[in-house]
Amino acid sequence: MSLKDIEKRTVIGPMGEEIEIDPLRDYYCAATPDLKMEQRKSSIPIIEKFANWARSESLWILAFGTGCGGIELRPLVTPKYDVYRFGIQIRATPRQSNVFIISGYLSVKTLKRAIRAYEQMPSPKYLLALGSCTINGGMYWDSYNTINRLDYYLPVDVYVAGCMPRPESILAGFDSLKQLIKDGKGEGAAKYAEKFEWYKKNQKQIIKDWDMPDYNW
Amino acid sequence: MTFEPIQIAWTLLGLFIVFNVGLLLTSTVRKIGARVGKRRGIRFFQPHIDLIKNYSFRTNFSHGIMFYLAPVFRLTGGIGIFVFMPIIYGSAHFSNFSFAGDAILIMYFIFFGTLGMALGAGEGAMPFSAIGISRGLSQVTAAEIPLVLAFLAVFIQNNSFSITEIVAAQQGGFLNWTMFTNPIATITAMLAFLGAMMRSPFDIVLAPQEIPVGPPTEFHSSFLGVLSTNRAIFPIAKTILYINLFFGGATNWPVLILKAFLLYMWSVVVGTVFPRFRTEQSIRWFMKYPLILGILSILVLQLG
């Protein structure tokens with residue numbers, strides 16, 4: 001896709017009729033995230049607590065490995081680590097997952113895709129950042145095309161330090177994430193909606209060829 | 001049968017039981033699969049937790065009216081089969097809303113959900129959904145032909161469209177089951193059964209490595225919740241239909257659940273042993289052995 005593809009244009013149909021196409025309006029939701037919906041909680045505390053428990057015990061990971069850390073996610077589903085027993089499963093579509101793992105360095109090109117995928121996930125959604133690359137750039141800190149600090153661009157819930165973190169540390173990261181959600185502190189999506197302008201400014205600063213709508217939901 | 005309002009409560013209770021049995025069966029089967037692979041696998045109540053989580057998402061996004069209606073249609077298919085079918089033979093409470101021609105209505109409901117899903121997934125505008133749906137519809141149609149032939153053979157054999165009467169004819173010893181009185185129809189139906197269970201060799205519709213999730217790719221949060229609710233009810237409802245038509249029905253819940261488990265495992269065992277068919281392979285397969293057997297089962301009844 002290029003910038004030209006999302007411009008408004010008129011095309012001639014097979015019967016000679018003129019059809020107006022506005023890709024941004026036709027293919028995407030133009031509205032920015034609705035803060036009210038993102039922060040929606042049940043008025044009965046015990047129900048919200050129960051929902052948070054269910055959310056924490058059913059973490060569906062988006063199968064999207066960004067950096068070298070992707071290789072450390074594979075062993076998680078093998079007999080040795082077997083994350084399924086902790087209620088963690090892997091989904092192939094952002095629509096059905098609620099955990100996004102940024103597994104290592106993010107090049108600017110990948111950041112664009114990561115933002116799109118993150119915004120397509122239904123909230124509450126959680127972001128787990130693996131490795132020192134997502135914290136301060138790690139060994140890529142002076143690279144010309146990777147970002148250094150992930151939480152300038154997307155709200156991170158849990159960092160797992162290491163280069164790369166072994167599956168054991170990732171499991172420990174999942175445990176912290178579960179505790180965070182159970183305590184009602186897994187509100188990354190609400191934070192993203194609240195500081196939407198700030199995140200967008202940061203994202204656009206680094207992504208020069210911005211060829212997508214502001215919000216990809 | 002006269003209608004009594006209390007019957008609604010009994011039907012809902014039956015539906016609740018079947019729904020939970022369906023979810024537990026799903027996790028049991030996944031657990032068995034995991035144990036074979038030397039893993040511990042998901043927890044027994046994981047499908048329940050997943051369902052609660054799906055219903056408690058805060059945001060959702062619709063692509064249009066049909067996108068909203070598709071999960072509803074799908075669930076209507078599953079519940080429709082259940083509501084008009086006698087569950088426990090001879091029980092006043094769990095005969096649901098069965099009537100003289102219920103078998104015809106249920107056959108309609110088997111296909112109903114797939115059609116609704118096709119419209120909704122099409123509106124989702126995800127190419128993978130459209131690919132999955134076109135594969136699904138062609139495969140289900142191919143599987144439906146032998147299925148209907150087998151059902152017709154049973155209807156002709158019993159001279160009735162009423163499931164209750166067909167179950168009644170099979171009482172008094174297992175040799176009276178359609179499985180023994182009409183083995184060809186039973187074999188046909190069991191082969192057609194595989195076609196709608198979403199398991200290998202007929203899982204090209206979902207094909208996880210190829211079109212990641214298939215038709216439900218765009219469905220999320222409570223839309224997915226409704227679809228998973230149906231995924232729990234539909235296979236069990238269909239299994240109960242098979243138990244009623246071919247395996248002598250059930251006179252109590254434990255027998256019903258045992259028979260449902262064994263029948264469900266049939267598709268699981270076949271799925272574990274055989275690799276995935278491509279769409280044209282599966283259609284060709286359904287048009288070969290099951291179709292010939294289906295025609296044979298009717299001919300045998302007519303000529304025999």
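Helices (H or I, at least four residues) and strands (E, at least two) are DSSP runs, numbered from the N terminus. The model is predicted: local features need pLDDT of at least 70, side-chain atom pairs count only at pLDDT 80 or more, and totals for chains, interfaces and linings use all residues. Residues are numbered from 1 along each chain as its sequence is written, and chains are lettered from A in the order in which they are written.

**Exercise 1.** State where B:Ser138 lies and whether B:Ser138 is buried, exposed or partly exposed.

Solution. Step 1: B:Ser138 belongs to helix H5 of chain B. Step 2: a residue is buried if 20 or more other C-beta atoms, placed from the backbone, lie within 10 Å of its own, exposed if 12 or fewer, and partly exposed in between. Step 3: B:Ser138 has 16 C-beta neighbours inside 10 Å, so B:Ser138 is partly exposed. Step 4: leaving aside residues up to four places away in sequence, B:Ser138 touches B:Thr279 and B:Ile283; contact here requires C-beta atoms, placed from the backbone, within 7 Å.

**Exercise 2.** Describe how H4(B) packs on H5(B).

Solution. Step 1: two packed helices are described by the angle between their axes and the distance between the axes. Axes are lines fitted to C-alpha atoms, for helices over the stretch in contact, and angles run from 0 to 180 degrees between N-to-C directions. Step 2: helix H4 (residues 102–123) of chain B meets H5(B) at about 175°, with the axes 10 Å apart. Step 3: H4(B) and H5(B) are therefore roughly antiparallel, the term for angles over 145 degrees. Step 4: the residues in contact include B:Phe111 of H4(B) and B:Leu137 of H5(B). Step 5: by class, this contact has 13 nonpolar, 4 polar and 1 charged residues. Ala, Val, Leu, Ile, Met, Phe, Trp, Tyr, Cys and Pro count as nonpolar, Asp, Glu, Lys and Arg as charged, and the others, Gly among them, as polar.

**Exercise 3.** Describe how H5(B) packs on H8(B).

Solution. Step 1: H5 (residues 127–158) and H8 (residues 183–194) of chain B pack at about 150°, axes 8 Å apart. Step 2: that angle makes H5(B) roughly antiparallel to H8(B). Step 3: the contact involves, among them, B:Ala150 of H5(B) and B:Ala189 of H8(B). Step 4: its residues divide into 11 nonpolar, 1 polar and no charged.

How values were computed
Parallel < 35°, antiparallel > 145°, perpendicular 65-115°, else oblique. Contact = placed C-beta atoms within 7 Å.
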